[in-house]
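Thanks for coming. I have one structure to go through today, so let me put the sequence and the coordinates on the screen.

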Amino acid sequence: MAAKQPPPLMKKHSQTDLVSRLKTRKILGVGGEDDDGEVHRSKISQVLGNEIKFTVREPLGLRVWQFVSAVLFSGIAIMALAFPEQLYDAVFDGAQVTSKTPIRLYGGALLSISLIMWNALYTAEKVIIRWTLLTEACYFGVQFLVVTATLAETGLMSLGILLLLVSRLLFVAISIYYYYQVGRRPKKA
């Protein structure tokens with residue numbers, strides 16, 4: 001009895017076989033909607049996630065505030081480094097400078113912070129933006145406390161000092177506002 005020969009094996013072309021492709025995609029878990037309603041085209045995009053999720057929805061005026069802060073920090077730093085007596089005189093109205101070194105050290109510290117501010121202006125990372133805003137708020141808050149303590153010790157009062165104190169409170173408020181706005185979670189549509 002002659003054995004019947006099985007038909008020759010035909011190779012399946014999964015690229016053209018629609019059912020096979022759908023089964024493969026279902027096993028991999030791609031092609032369908034995920035919990036967020038997104039349809040992933042590949043397992044790689046599903047694992048790595050969608051880049052749009054990580055972009056920061058910037059509050060109105062954030063970049064302007066970052067630019068103003070960077071210019072402000074840079075300007076005061078350069079003035080403290082180059083013209084320490086004039087800076088001291090502008091704030092404390094005619095009080096005598098005993099040493100230029102602390103004012104120049106202050107300028108160097110401000111210049112370092114201004115470099116951070118300039119770099120934060122060009123980033124889209126939420127964490128870096130928030131840290132720089134928090135740094136600003138802390139700096140302005142500490143400066144407000146130090147100037148207030150100096151006023152209590154010396155008893156000097158001038159229009160320059162009052163403007164400095166009011167501006168520092170305003171800057172603290174603006175920095176904290178943007179800090180919380182950048183940290184807010186976006187509303188789901």
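One definition before anything else. A residue counts as buried under 20% relative accessible area and as exposed over 50%, with partly exposed in between. What I am showing is a predicted model. Take R63 as the test case: its relative accessible area is 23%, so R63 falls in the partly exposed class.

Now the overall picture. Which secondary structure elements does the protein have? There are seven helices and zero strands. Read from the N terminus, the order is α-α-α-α-α-α-α. The chain has 189 residues, and 27% of them count as buried. Its accessible surface is about 13,900 Å², and carbon and sulfur atoms account for 66% of that. As for contacts, take those between residues at least 6 apart in sequence: 62% of them join residues at least 24 apart.

Next, the annotation. UniProt, in an unreviewed entry, lists residues 64-83, 103-121, 133-152 and 158-180 under "transmembrane region". I looked at two of these ranges in the model. Residues 64-83 come out as 95% helix and 0% strand, with 27 Å between the end C-alpha atoms. For residues 158-180 the figures are 96% helix and 0% strand, and there the end C-alpha atoms are 34 Å apart.

That leaves the charged pairs. In general, side chains of opposite charge can pair when their charged atoms come close. How many salt bridges does the structure hold? It holds two.

One of them is between E58 and R63, where the closest N and O atoms are 2.6 Å apart. R63 is the residue I used for the definition, partly exposed at 23%.

Where do the two residues sit?

To recap: a predicted model, seven helices and zero strands, and two salt bridges. That is what I have.

Key: Residues are numbered from 1 along each chain as its sequence is written. This is a predicted model: local features need pLDDT of at least 70, side-chain atom pairs count only at pLDDT 80 or more; totals for chains, interfaces and linings use all residues. Side-chain values use heavy atoms; hydrogens and water are left out. UniProt positions are given in the numbering used here, feature names are shortened, and annotations may be inferred rather than shown by experiment. Helices (H or I, at least four residues) and strands (E, at least two) are DSSP runs, numbered from the N terminus. Buried means under 20% relative accessible area, exposed over 50%, partly exposed in between (1.4 Å probe, protein chains only). Contact means heavy atoms within 4.5 Å. Accessible areas come from the Shrake-Rupley method with a 1.4 Å probe; for residues, only the protein chains shown count as cover. A salt bridge is a side-chain nitrogen of Lys or Arg within 4 Å of a carboxyl oxygen of Asp or Glu.
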